[in-house]
Amino acid sequence: MAFGMHFFRKHQGKLILILGVALMITWFVGGAIMSLLSPEQVEGKMFGRKVTRREYTLASDLVRIMRLGEQPSKNDVWLFLAMQHEADRLGVKVTREEVTEGLRQWVGLHTKARQENLDAAYTMLLERLRLGDEAVRLAMRKQLGAMKLLEIVAGVYQPSDAELWQKFVEMRLEVKLKTLAVPAGDFVKEVPAPGDDDLAAYYQDNSSAYTIPPHATVEYAALLKDDVADVITISDDQILQYYEENKVEEFLLPLEEQDLGEAGQNTDTEAAEETDESAETPPKPEAEETSGDTAAATEPGPANAEASPVADSSEPRYKALSDVTDQIKGKLVESRINALLSDIYADYLQQENKNLEELAKRYGLKYFKVGPFSKNDPKKLGKIADATVKMDRARVPIMQDIFPEEGSPGRREDSFDSLKDAKGPEGHFLYRVMSLDLAREPALEEVKSQVKADYITGKADELAQAEARTILDRIKTGGWQAAETGAEYDIEETEVSGEAGSPALLEAAVDVEKSAFGGPVLDGNIAIVFQVIERREPGVEEFDRSKRYLRLWTSYAGRQAFVDRWKEDLLKRADIQTAKDSGEEGEEEPEPQGL
């Protein structure tokens with residue numbers, strides 16, 4: 001024991017050094033060794049291979065970055081992973097320049113910053129999301145790769161001649177129908193009152209119909225056209241000064257209105273007339289005595305240059321000030337308005353609390369705060385509703401600027417400090433979006449009364465269709481006279497085509513031959529059965545002449561549906577199995593709280 005203590009005291013420094021080195025090796029290398037020895041957690045399988053939780057989490061984070069922090073659904077993440085797999089398989093490449101341009105558009109869309117302020121807006125966005133440039137560029141690269149993949153898929157779509165003919169018939173077909181209509185409203189009282197389980201099941205099957213559209217709250221300072229005179233005054237001296245400073249560039253009369261003939265450029269006829277006049281008119285006798293003042297007055301010089309007709313006509317002629325006063329005043333007012341808005345914008349940027357109401361009051365402008373309102377309620381915006389916003393080289397309606405991504409999930413609050421200018425028939429405006437609640441599916445309790453009404457209407461529609469189907473069976477066996485059932489239903493003849501009549505009836509009649517029956521068709525809340533009386537189809541020659549343009553139109557209209565079907569097929573081919581399904585689920589990790 002004594003030997004041990006003596007040895008420790010003698011080599012204490014070396015032993016402490018060895019212990020420190022061992023701890024450092026364990027710190028730096030131990031984690032890596034444990035990671036190699038322990039199996040990595042698996043999130044699921046895709047295309048027959050395992051997808052680790054690390055891969056899944058990275059994909060989820062990349063999608064969240066593009067959505068400014070909004071958590072994607074599991075289906076979105078798996079679709080993202082499947083599309084990245086296809087993009088890699090097909091060799092889709094994204095250049096650095098494309099990433100940079102994509103980021104510029106992304107920042108402009110979400111911050112609404114002007115082109116010259118995109119760099120500053122990007123820095124602000126990174127700070128608010130607590131992200132680095134490298135992470136955002138990686139997310140954008142993956143996003144652009146997926147977009148390129150979809151462009152390749154969409155380019156593959158080409159409708160067949162059979163599809164084109166079907167579409168052409170739908171557009172040009174004309175049919176005459178004999179119809180019987182059964183109103184669903186007659187069956188509303190027969191529908192039993194729904195229970196909570198009935199409403200819950202109905203809402204689950206039709207939840208997309210109750211999607212609450214995007215809603216925004218906006219504030220703006222307005223210089224209305226009726227208030228311009230109270231805020232901006234233009235004096236006569238300012239109008240005269242502008243006229244004198246700009247008359248050469250803006251108010252010079254056209255060449256044909258300049259009196260060039262009087263400037264010594266007389267024609268031969270004018271010269272001959274002057275000669276005749278001089279010959280007929282006797283010379284005036286010279287005055288015997290001329291005073292000094294008179295002599296001085298008759299000598300040419302600056303003092304009487306304006307009296308010389310040659311000198312007067314040689315000067316350029318301008319539009320009269322009285323004729324352009326209103327024009328000048330309008331330009332000065334517009335210039336002062338732009339300067340005023342620029343001053344307000346500069347003060348707004350320097351404010352810490354971003355109080356637009358205070359600035360509007362300081363500069364004599366009216367202040368408005370409106371919302372929440374949806375894209376379908378432009379009148380709620382008030383005076384600014386018809387204004388346009390300058391975006392790049394064009395102007396776009398303000399509603400398009402407020403709701404750039406209608407239908408996207410989540411809520412973005414990172415672009416709501418941006419102040420933008422708008423101009424409309426009612427005046428000039430500075431506005432900002434204070435909040436933007438994007439489309440969402442409400443809870444059942446929020447829309448329960450509407451769901452109940454729709455449930456009852458749907459059941460009444462079903463009863464009306466059943467009644468119409470029963471009547472149609474009787475008509476087929478006993479003719480139209482067999483439609484008499486004790487209830488009075490409307491029986492009439494009607495013509496439908498691509499330009500007139502019920503689209504639902506036309507769609508149902510496309511494949512029905514002459515004299516054949518069809519239906520029931522639900523048109524609104526009316527169940528209709530019909531018989532085709534006449535049928536006029538377009539000719540093949542007309543189809544051949546229109547095929548080229550029809551192909552272009554059909555390709556454009558059907559491309560998105562084709563892409564959606566491709567996505568569904570991609571997920572089926574991927575054969576995605578989550579860890580819970582495959583039995584390889586690891587320990588449950590808490591939901592990530594930030595990027």
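Reader: How many helices and strands are there in the protein?
Author: There are 21 helices and 13 strands, where a helix is a DSSP run of H or I with at least four residues and a strand a run of E with at least two, numbered from the N terminus. This is a predicted model, in which local features need pLDDT of at least 70 and side-chain atom pairs count only at pLDDT 80 or more, while totals for chains, interfaces and linings use all residues. Residues are numbered from 1 along each chain as its sequence is written, and side-chain values use heavy atoms, with hydrogens and water left out.

Reader: What makes strand 8 and strand 9 a pair?
Author: Two strands pair if DSSP finds at least two bridges between them. Strand 8 (residues 420-424) and strand 9 (residues 427-437) have five bridges, in the antiparallel sense, so they meet that definition. One of the bridges joins Gly 424 to Gly 427, and the two strands form a hairpin with two residues between them.

Reader: Happy with that. Why is the aromatic pair of Tyr 220 and Phe 368 called stacked?
Author: A search of the whole structure finds seven aromatic pairs. For Tyr 220 and Phe 368 the values are 5.1 Å centre to centre and 25° between the planes. Rings of Phe, Tyr and Trp (its six-membered ring) pair if their centres lie within 6.5 Å, and planes under 30 degrees apart count as stacked, over 60 as edge-to-face and the rest as tilted.

Reader: Where in the chain do Tyr 220 and Phe 368 lie?
Author: Tyr 220 is in strand 4 (residues 215-224) and Phe 368 in strand 5 (residues 366-374), 148 residues apart. Together with Phe 429, they form one aromatic cluster.

Reader: How do you know whether Tyr 220 is buried or exposed?
Author: Buried means under 20% relative accessible area, exposed over 50%, and partly exposed in between (1.4 Å probe, protein chains only). Tyr 220 has 1%, so Tyr 220 is buried. Phe 368 has 27%, so Phe 368 is partly exposed.

Reader: How much of the protein is buried?
Author: Buried residues make up 32% of the 595 residues.
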